[in-house]
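Okay, thanks for coming, everyone. Let me put the model up on the screen, and then we'll walk through it together.

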Amino acid sequence: MTHPAYAKPETLDEALLFLKNYGAHMCPLAGGTDVMVNLRSGKLKTPYLLDVSRLPDLQGIAVSEEGLSVGAGTTINEIYASPLVAKHAPSLIKSCAFFGSPQIRNVATMGGNVGNASPSADTAPPLLVHGTKAILAGERGKRTVAVEDLFVGPYQSGIRSHELLLRFILKPAGAGFSDFQKIGRRKSLAISRMSMAVLADREKDGSFASIRLALGSGTPTPMRMGRVESFLVGKRPDPQTLEAGARLMAAEMIRVTGIRPSTVYKEKAIQGLFLRIMGPLAEN
Amino acid sequence: MKTYSVFPIQFTLNGEETRLEVGARETALYVIRERLSLKGTKEGCGMGECGACTIVVDGKSVNACLMAAPQLDGRKVMTVEGLGNEENLHPLQKALLDHHGVQCGFCTPGLLMSAQALIGETPRPTHQQVVESISGNLCRCTGYQQIVTAIEDGTKKTGGED
């Protein structure tokens with residue numbers, strides 16, 4: 001069992017100076033819902049814990065000309081309760097509604113959910129369909145990256161050791177269709193077996209003007225399903241198109257992930273989940 | 001910036017100012033249960049799955065097993081010991097007895113803290129809000145029905161005091 005030393009910066013500059021000196025030997029601590037579990041199990045061994053939970057620079061939800069800005073230190077419960085997120089990113093709200101448990105949602109942060117880089121991170125599919133950019137601060141200033149670039153591999157983050165995740169910028173949803181759905185073993189406290197988010201705009205004739213689809217837990221990192229999106233654009237959601245879209249979702253997942261013992265389940269589950277999430281749009 | 005192998009904290013625990021020095025590896029649960037000897041807060045799974053260690057921190061329900069002890073600094077904390085005592089049970093505790101919502105009792109303090117956090121924010125919760133508020137608390141004895149009924153009844157008798 002390791003006994004890390006504790007550091008609590010009052011300002012961002014203090015935190016960045018610490019990261020410059022100790023970045024390779026520390027773990028940031030916010031809500032603790034992953035860090036404390038991994039410390040206890042021995043999976044995480046670190047000389048320093050950097051407590052960023054009360055840094056003002058990581059807080060707050062706002063709308064600007066850049067888009068919808070959500071601080072990395074914002075808790076899942078704060079996001080869930082935000083009228084701004086409800087208006088501009090309803091699928092993110094839905095992913096927060098079924099996230100962990102009330103106790104987890106009260107402390108867990110979106111920065112932690114992304115930073116932990118779990119393939120099943122519940123906020124990832126909504127962030128992906130919103131074309132989210134992550135803003136990181138480091139010793140040489142700020143860096144902006146697409147949020148998918150922070151998911152390098154399972155539990156492998158693209159955040160560099162001297163960097164701190166500051167906030168996320170989401171492209172607001174228009175008046176189109178948006179949803180998030182997940183399959184878990186039970187309703188609360190279930191790690192997602194599979195999750196999906198969609199954001200779509202349609203033409204007057206019902207065909208898709210644009211559609212973004214993202215998958216969680218089906219691939220080693222959460223990812224946009226670009227080929228399915230291209231297939232659906234310009235088409236109407238009639239039963240044949242949706243069935244074909246569902247088969248293409250499964251084919252894409254298998255192409256990326258390969259055949260695994262879980263494929264026999266996931267190949268069917270992904271099609272069911274796709275048809276369920278697209279259900280409200282389905283034409284007879 | 002200074003780093004600490006032990007960090008001095010000051011927080012309010014059930015209305016009393018409390019000061020001590022804690023390590024970053026210590027959890028709020030360890031501090032409350034083992035160092036301050038308040039044994040009402042239980043350790044079930046120790047990884048945020050069961051809710052037996054639920055406490056109320058600044059009005060919100062939190063898994064004490066997942067909270068690093070230094071993060072208690074400056075907070076207002078309530079454990080089941082702050083709710084009522086044997087002579088003077090809180091309406092939620094009384095209702096759990098009346099409705100047979102307690103069998104082995106291990107999950108009860110955590111459930112009470114989740115319910116307490118709920119009525120702090122929503123003094124007159126709906127059935128759905130009660131169910132949702134305890135969705136992070138496992139009980140392997142009762143099947144939940146009696147617990148939900150008890151909390152619904154108990155919230156009617158708290159008289160808006162919270």
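So, to start: how many helices and strands does the secondary structure of chain A come to? The count is 11 helices and 14 strands. By helices I mean DSSP runs of H or I with at least four residues, by strands runs of E with at least two, and both are numbered from the N terminus.

Some housekeeping before I go on. This is a predicted model, where local features need pLDDT of at least 70 and side-chain atom pairs count only at pLDDT 80 or more, while totals for chains, interfaces and linings use all residues. Residues are numbered from 1 along each chain as its sequence is written, and chains are lettered from A and ligands numbered from 1 in the order in which they are written.

Back to chain A as a whole. Its radius of gyration is 19 Å, close to the 19 Å that the globule rule gives for 284 residues, so chain A is as compact as a globular protein of that length. That radius is taken over C-alpha atoms, and the rule is 2.2 Å times the number of residues to the power 0.38. Along the principal axes, the C-alpha trace of chain A spans about 60 × 45 × 35 Å. Buried residues make up 49% of the 284 in this chain. Buried here says that 20 or more other C-beta atoms lie within 10 Å of a residue's own; exposed is 12 or fewer, partly exposed is in between, and C-beta atoms are placed from the backbone.

Now the sheets. In chain A, 5 strands form an open sheet in the order 4-5-10-6-7, with antiparallel pairing. Two strands pair if DSSP finds at least two bridges between them. Strand 4 (61-64) and strand 7 (141-146) of chain A stand at the edges with a single partner strand each, so one side of each has no neighbour in the sheet. Neighbouring strands in this sheet are turned by 25° against each other on average, direction ignored. For that angle, axes are lines fitted to C-alpha atoms, for helices over the stretch in contact, and angles run from 0 to 180 degrees between N-to-C directions.

Strand 2 of chain A is joined to strand 3 (residues 48-51) of chain A by 4 bridges, in the parallel sense, and A:Leu29 stands opposite A:Asp51 in strand 3.

One more strand in this chain: is strand 11 of chain A buried or exposed? In strand 11 (residues 177-183), 6 of the 7 residues are buried, so it is largely enclosed by the rest of the structure. Strand 11 of chain A runs antiparallel to strand 12 (residues 194-202) of chain A, with 7 bridges joining them, and A:Ser178 sits opposite A:Leu199 in strand 12.

Okay, chain B. It has 5 helices and 5 strands, and from the N terminus on they run β-β-α-β-β-β-α-α-α-α. The radius of gyration of chain B is 16 Å, close to the 15 Å from the globule rule for 162 residues, so chain B too is as compact as a globular protein of its length. Of those 162 residues, 47% count as buried.

Look at helix 1 (residues 28-35) of chain B. Its buried residues are B:Ala28, B:Leu29, B:Val31, B:Ile32 and B:Arg33, and what covers them includes strand 2 (16-22) and strand 3 (54-57) of chain B. Just after helix 1 of chain B, B:Ser37 takes a positive phi of about 55°.

Finally, where do the chains meet? The contact takes 28 residues from chain B and 28 residues from chain A, with contact being C-beta atoms, placed from the backbone, within 7 Å. On the chain B side, strand 4 (residues 60-63) of chain B gives the most, with 4 residues.

Definitions and conventions:
Contact = placed C-beta atoms within 7 Å.
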